[in-house]
Amino acid sequence: MSEFDIWLTKKLQELNTDETVFLPYIISILEGEDESEEEKNEGLTGLLSDILNDEAAIEKTLNEILLKWKDSANSIDKDLTNDVAKLDITEKMHQITQEKLANFTITKVEKTEEEKKLKEAILCGYADVASGSSDEDEDDGPVDLGPANSNADSVHQESIENREKQREASAAKKEKDKQDRTNQKNQAEDRKKKAQDKAAKGERKSGR
C-alpha cells in the first residue's frame, strides 16, 4: 500500500465511511488516463456527495485529495529520477573500473616482458660463468653447484620415489582386485553346488 493509499484510508475512516468501497473508486478516477481534470473532479465530487452533505466540506475534502495525489505523484517522479541517477553513477563507476583493469593488464604484460628479458640475460650470464668454471675445475674433480642443485636433485629423487610408490600401490590394488574376483567366483560356485546338492536330495526324497 502506497503512502497516498494509507492517507486516503485514514481520511475515509475519519469521514465515517467504508474505505474498502470508496478507496478503489477514488483511486481509479485519479489514475484515469482518458478523463480530463474537470471530468475527474466531477467524478470525485459525485462520490464525496454520497459521503458528505455539506458543499463546503465536499470541496475541502476534494481539494485535500487532489493536493495529496499531486504530492504523491511528484514524490514518485523524484524517486524515479533518483533511481535513474543512481543507475547512471553505477554505470559510470563500472566503466571507470573496466578502464583501470584494462590499463593494469597492459602494464602487467609490459612488466612481464621486461622481467622475462632480464631473466634470460641473467641465465645466459650464469651459463657463461658455469662454463668457464667447468673448464678451470675439470682437473680438480666435480664442481659443486651449491644448494640450488642439491635441492633440484632432492626434488627429482622424491618425484622418482613417489612414482615408484604409486606403481607399487597400483600393482597391489590390481592383485587385490584379482583375488577378490577369484574369491567371489569360488563362493558363487560353492553356492551353486550346494543348491544342486539340495535339489538332488529333494528329488531322492520325493522318489521314495
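This is a predicted model: local features need pLDDT of at least 70, side-chain atom pairs count only at pLDDT 80 or more; totals for chains, interfaces and linings use all residues.
Okay, the overview. The chain has 208 residues, and 12% of them are buried. For contacts between residues at least 6 apart in sequence, 40% link residues at least 24 apart.

Let's begin with α1, which covers residues 3-14. The 12 residues of α1 should span 16 Å at 1.5 Å a residue, and the end C-alpha atoms sit 17 Å apart, which agrees. Which residues of α1 are buried? They're F4, D5, L8, T9, K11 and L12. Those residues cover an arc of only 165° around the axis, so they end up on the same side of α1. Over on the other side, E3, K10 and E14 are exposed.

Let me pick out T9 from that buried set. The cut-off for buried is under 20% relative accessible area, and T9 comes in at 14%, so T9 counts as buried. And what does T9 touch, leaving aside residues up to four places away in sequence? M1, E19 and L23. Keep E19 and L23 in mind, because both are on the list of buried residues in α2.

N16 is in the loop between α1 and α2, just after α1. N16 has a positive phi, about 60°, although it isn't a glycine. For background, most residues other than glycine have a negative phi. N16 is also exposed, at 72% relative accessibility.

T17 is in the loop between α1 and α2 as well. Buried or exposed, then, for T17? At 16% relative accessibility, T17 counts as buried. Again leaving out residues up to four places away in sequence, T17 touches L12, F22 and I51. L12 is one of the buried residues of α1, and F22 is one of the buried residues of α2.

On to α2 itself. α2 has 12 residues and runs 16 Å from its first C-alpha to its last, close to the 16 Å expected at 1.5 Å a residue. Its buried residues are E19, F22, L23, I26, I27 and L30. Look down the axis of α2 and those buried residues fall within an arc of 130°, so they line one face of the helix. The face turned away from that buried side carries T20 and Y25, which are exposed.

Two packed helices are described by the angle between their axes and the distance between the axes. Here α2 is residues 19-30, α3 is residues 37-49, the angle is about 170°, and the axes are 9 Å apart. The cut-off for roughly antiparallel is over 145 degrees, and α2 and α3 are therefore roughly antiparallel to each other.

Who meets whom? From α2 you have F22, Y25, I26, I29 and L30, and from α3 you have K40, G43, L44 and L47. By type, the residues of that contact split into seven nonpolar, one polar and one charged.

Definitions and conventions
Residues are numbered from 1 along each chain as its sequence is written. Side-chain values use heavy atoms; hydrogens and water are left out. Axes are lines fitted to C-alpha atoms, for helices over the stretch in contact, and angles run from 0 to 180 degrees between N-to-C directions. Helices (H or I, at least four residues) and strands (E, at least two) are DSSP runs, numbered from the N terminus. Angles under 35 degrees count as roughly parallel, over 145 as roughly antiparallel, 65 to 115 as roughly perpendicular and the rest as oblique. Contact means heavy atoms within 4.5 Å. Ala, Val, Leu, Ile, Met, Phe, Trp, Tyr, Cys and Pro count as nonpolar, Asp, Glu, Lys and Arg as charged, and the others, Gly among them, as polar. Buried means under 20% relative accessible area, exposed over 50%, partly exposed in between (1.4 Å probe, protein chains only). The expected span of a helix is 1.5 Å times one less than its number of residues. The arc is that of the directions from the helix axis to the C-beta atoms.
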